[in-house]
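Hello,

Here is the structure for you to look over.

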Amino acid sequence: MIPLTHRCSIEHYAGRPKVVVMARMSEQEILERLREAVIRADGEAAEFSAKEALAAGVDPIRAVEEGLATGLREVGERFSRLELFLSDMMLSAEAMTRGVRILKTTISERKEMTKSGTIVIGTVRGDIHDIGKNIVSALLTASSYDVRDLGTDVPTENFLSEAKQTSADVIGLSALLSTTMPSQAEVVRRLVETGERQRFKVIVGGAPVREEWARQIGADAYGKDASDAVAKLNQLLRRRRT
Ligand code: B12
């Protein structure tokens, strides 16, 4: 059997078909294929290339971040330049989700044994973007966090009540729109008002969010991407335990 990572073509020698196996596909080529599949909104190609990535031993997080997500961000830029319609963005998002579904299986397999902490996570009120948040949830789960994912468009009070109910260590807030970033600030404000600010750590993230914003609203941490989210939480909780 020919590994998926090898390109092959059928050529004819003396009138007989012969499979010619060509050079192994490089990691860079696989990442490029993932990116292109999302830009073309081709879900089948996204799944295929995700399988190629796994077969080639590409780190699944890298395949998501440097392959699929790069494509989706480019689609977002084209949308903002009015070169694409909202429906195009939706189809690309679907293609990305199909690729992520394949890669996620391997991310989840990495699960470590000791529990790292409990996090209540969700996309804030008014915002339905969930692809990035789902990746963060998957990597946190793989890093042994007990993740309570509340989904999207989550009302402020739901973050508070779920965190209390589960005795969570952390509340994670995702926002993809500049108009919904204030909902992250609202959660922190409510924690202060209810006297529970010291009880839970707060981490924020999402494409328009920056470290400076996290500081401004009084969050404990900002995560640039899924790997950074895990690193920041490990740091935060270690500090709290010592
Ligand atoms: C896909 C997409 C959609 C899809 C969402 C599908 C879904 N199920 O999520 C659909 C088509 C539905 C959509 C709708 C809209 N969208 Co949209 N969308 C995007 C797009 C192209 C990609 C987002 C994405 O999934 N990226 C890939 C993931 C992997 O990256 P990520 O989300 O940034 O997540 C990473 C990090 O940010 C971080 N992270 C994320 N969350 C969290 C949470 C925590 C706690 C931590 C620590 C880290 C973290 O880790 C993640 C993994 O690395 C962006 C473009 C962009 N540059 O972001 C526009 C974009 C966000 N959308 C935009 C807009 C305007 C809209 C609409 C208002 C369009 C409209 N006219 O209706 C609606 C809003 C609907 C709503 N009320 O929420 C704008 C926002 C502009 C702004 N700054 O406010 C963008 C930037 C496009 C643009 N350039 O104009 N969108």
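How do the residues of the shell around the ligand divide into nonpolar, polar and charged? There are 22 nonpolar, 12 polar and 7 charged. Here Ala, Val, Leu, Ile, Met, Phe, Trp, Tyr, Cys and Pro count as nonpolar, Asp, Glu, Lys and Arg as charged, and the others, Gly among them, as polar.

This is a predicted model: local features need pLDDT of at least 70, side-chain atom pairs count only at pLDDT 80 or more, and totals for chains, interfaces and linings use all residues. Residues are numbered from 1 along each chain as its sequence is written.

Of the 41 residues around the ligand (C-beta atom, placed from the backbone, within 6 Å), Gly 76, Gly 132, Gly 205, Gly 223 and Asp 225 come nearest. Elements giving two or more residues to the shell include helices H3 (60-80) and H4 (86-109) and strand E5 (170-174). These are DSSP runs numbered from the N terminus (helices H or I, at least four residues; strands E, at least two). H3 gives the largest share, 9 residues. Domain 1 (6-109) and domain 2 (117-241) both contribute, so the ligand lies between them. The domain bounds come from an automatic or database assignment.

**Helix pair**

H6 (residues 156-165) and H7 (residues 181-193) have axes that come within 9 Å and cross at roughly 50°. Axes are lines fitted to C-alpha atoms over the stretch in contact, with angles from 0 to 180 degrees between N-to-C directions.

Best wishes
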